[in-house]
Amino acid sequence: MTLALDIFSLLAIAAGAFFFLAGTVALLRFPDSLSRLHALTKADNLGLGLVVLGLLPRADGPLAAMKLVILWGLVQLSSGAVAQMIGAALRRREAAR
Amino acid sequence: MTFYRALDLSLALLVVGIAAWTVLSRDLFGAVVGYVAYGLLLAIVWVRLLAPDVALTEAAIGGGATGVLIIAAGSRLRSMQTSEPGDTANGIQKALAAALSALVAIALAAVMLLLPEPAPTLAPQAAGGLEAAGLGNPVTATLMVYRGFDTMLEKAVLVLAVVGVWSIGPDRFWGGAPAPLGRTRPKRALVFLAQMIAPLGVLIGLHIFWVSADEPGGAFQGGAILAAMWIIVMIARLADPPRVGSRALRLALVSGPAVFVIVALLGPFLGGSFLSYPPGFVKPVILFVEAFMLLSIAAAIPLLIAGPPLRSPRP
Amino acid sequence: MTHILYLAAGFILLTVAAGLVRVLYGPGEVDRMMAVQLLGTGGIAALLLAASASGVAGVEDAALGLALLAAFASIAFVNSASSDSDPDGARDG
């Protein structure tokens, strides 16, 4: 059982790391700010989400697992709202030109 | 070179690299963004050095509070547009600053590299006193028990800083409120975020303070998180900076150092000397003092960022 | 297993740190901010991995605090970047 859980953790964390890599590549290579913003939010949510998912089997107890999930929810909430704000700021920058 | 060595080396190089960018950057915003990134990387370095309390403080103050402070100051300067040509440092001043910084860095490196093996340390004694203090976290013990005097003075310095910031405002506005932190019609996403994150953040900040007696955490870290939540609420215009003359605000601000001083003065009667805690009650008294420190810090940091009063005291 | 967790933490950290190049080049303030936000999220992931691998108490709380503070810094920076051009917020809602 623990071997299966370990493999699950490994796969989830590897997938999360991949998303972080994808997000960084997108941040560096995409042509304009809005598409970079799009990539950023995907990496934030999925990357961290998969890492948290992979760490859940290793948490000591349900309370610690809940703490991890709450942390991920918090990051989801804040990065989503901040992405909206950044998008509005970008749109204003375009309009100002 | 093992993997861990390589990781440490790349982390160190990253920190130096981003520090160089911050110093060399030409515009204020870019430099402050670099500075925030520097703070975040340093927080991770502290975790690598097994110091989560310091990491949290670094993220709070270096990554959050001072970055926001500098940006707010920069916006105010830009809107005033009072800088004149010749205000930036000339070549000689820059060379002097660079030389002094390099000297400090070399001195620190030399001290670190020339330390005898094993390096002299007070850690065993610090850990040995924990049981008498009834605490589990050696950082809290150091801050509140062994060096309580320094911590008390630091809180007083915070209050003085706030008074200094307030005194920058024009005389006719003394007692009034600072300018609002956010725009008149904030984006709905921001308002939603503030409404959701502030209660959760307050809970987390209180948690980090409460566990500080036995686990990593502290009044300062918790207070900085509470401060950040209040600032978010003010940016979303769900609340506005309070009037500088408000009695409740001033009471909250000074309560930290004041309670600390009172406990210190009661020391001779309860514990035997100035700033000694009554034996057997050390942990409750420390938590009591720290609770007021939390309040002071949570009040002081947003006030530093809100700035001097710029509204008339009477509506 | 712990070695793999540390490896993942290091990999994620170095990856998002590479994104800091945007701070150098990013044509606008917003691009620089996005790079730092990615660094923040990656840092949180790395801290969680390190917490699980090392078992040191308090690193998860540090990650929690980092999440809050990164959100705080992003909000304050977007507020500053946008208020320069539109202080009354009249142009969007």
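Author: From the N terminus on, the elements of chain B run α-α-α-α-α-α-α-α-α-α-α-α. The model is a predicted one.

Reader: How many helices and how many strands are there in chain B?

Author: Chain B has 12 helices and 0 strands. Its C-alpha atoms fill a box of roughly 55 × 55 × 40 Å, taken along the principal axes.

Reader: What scores does the model carry?

Author: The ipTM is 0.89 and the pTM is 0.90. Where pLDDT is low, the predicted coordinates should not be read in detail. Take chain C as a case. Its average pLDDT is 84, and 88% of its residues score at least 70.

Reader: Into which domains is chain B divided?

Author: Domain 1 covers 1-79 of chain B, and domain 2 covers 128-315. The contact between them takes 12 residues from domain 1 of chain B and 14 residues from domain 2 of chain B. On the domain 1 side, 8 of the touching residues are nonpolar, 2 are polar and 2 are charged.

Reader: How far apart do the C-alpha centres of the two domains of chain B lie?

Author: The centres of domain 1 and domain 2 of chain B are 23 Å apart.

Reader: Now the helices. How do I describe a packed pair?

Author: Two packed helices are described by the angle between their axes and the distance between the axes. Start with helix α11 (residues 247-270) and helix α12 (residues 282-306) of chain B. They pack at an angle of about 150°, and their axes are 8 Å apart. An angle over 145 degrees counts as roughly antiparallel, so α11(B) is roughly antiparallel to α12(B).

Reader: Is the crossing of α11(B) past α12(B) left-handed or right-handed?

Author: α11(B) passes α12(B) in a left-handed crossing.

Reader: Which residues of α11(B) and α12(B) meet?

Author: From α11(B), the residues include B:L249, B:A252, B:P257 and B:F260. From α12(B), they include B:V285, B:F292, B:M293 and B:I297. By class, this contact of α11(B) with α12(B) has 15 nonpolar, 3 polar and no charged residues.

Reader: At what angle do α8 and α11 of chain B pack?

Author: Helix α8 (residues 148-166) of chain B packs with α11(B) at about 150°, with axes 9 Å apart. α8(B) and α11(B) are therefore roughly antiparallel to each other. Their crossing is left-handed.

Reader: Which residues of α8(B) meet α11(B)?

Author: B:M152, B:K155, B:A156, B:V159 and B:V162 come from α8(B). Among the residues they meet in α11(B) are B:L253, B:G256, B:P257 and B:F260. The classes in this contact of α8(B) with α11(B) are 10 nonpolar, 1 polar and 1 charged. Look back at the pairing with α12(B). There too, B:L253, B:G256, B:P257 and B:F260 of α11(B) take part.

Reader: At what angle do α9(B) and α10(B) pack?

Author: About 170°, with their axes 8 Å apart. α9(B) and α10(B) are therefore roughly antiparallel to each other. The contact includes B:A194, B:I197, B:G201 and B:F209 of α9(B). On α10(B), B:A219, B:Q221, B:I225 and B:M229 are among the residues. By class, the contact of α9(B) with α10(B) has 15 nonpolar, 4 polar and no charged residues.

Reader: Next, the other chains. How many residues do chain B and chain C put into their contact?

Author: Chain B gives 51 residues and chain C gives 46.

Reader: Which helices of chain B each supply at least two residues of the side that touches chain C?

Author: They are α1 (3-24), α2 (28-48), α3 (52-80), α9 (188-210) and α10 (219-235) of chain B. The largest share, 13 residues, comes from α3(B). By class, the side of chain B that touches chain C has 33 nonpolar, 12 polar and 6 charged residues.

Reader: How many residues of chain B are in contact with chain A?

Author: 8 residues of chain B touch 7 residues of chain A. On the chain B side, 7 are nonpolar, none is polar and 1 is charged.

Methods. Residues are numbered from 1 along each chain as its sequence is written. Chains are lettered from A and ligands numbered from 1 in the order in which they are written. This is a predicted model: local features need pLDDT of at least 70, side-chain atom pairs count only at pLDDT 80 or more; totals for chains, interfaces and linings use all residues. Two residues are in contact if their C-beta atoms, placed from the backbone, lie within 7 Å. Ala, Val, Leu, Ile, Met, Phe, Trp, Tyr, Cys and Pro count as nonpolar, Asp, Glu, Lys and Arg as charged, and the others, Gly among them, as polar. Domain bounds come from an automatic or database domain assignment. Helices (H or I, at least four residues) and strands (E, at least two) are DSSP runs, numbered from the N terminus. pLDDT is the predictor's confidence in each residue, from 0 to 100. Axes are lines fitted to C-alpha atoms, for helices over the stretch in contact, and angles run from 0 to 180 degrees between N-to-C directions. Angles under 35 degrees count as roughly parallel, over 145 as roughly antiparallel, 65 to 115 as roughly perpendicular and the rest as oblique. A crossing is left-handed if the near helix is turned anticlockwise from the far one by less than a right angle, and right-handed if clockwise.
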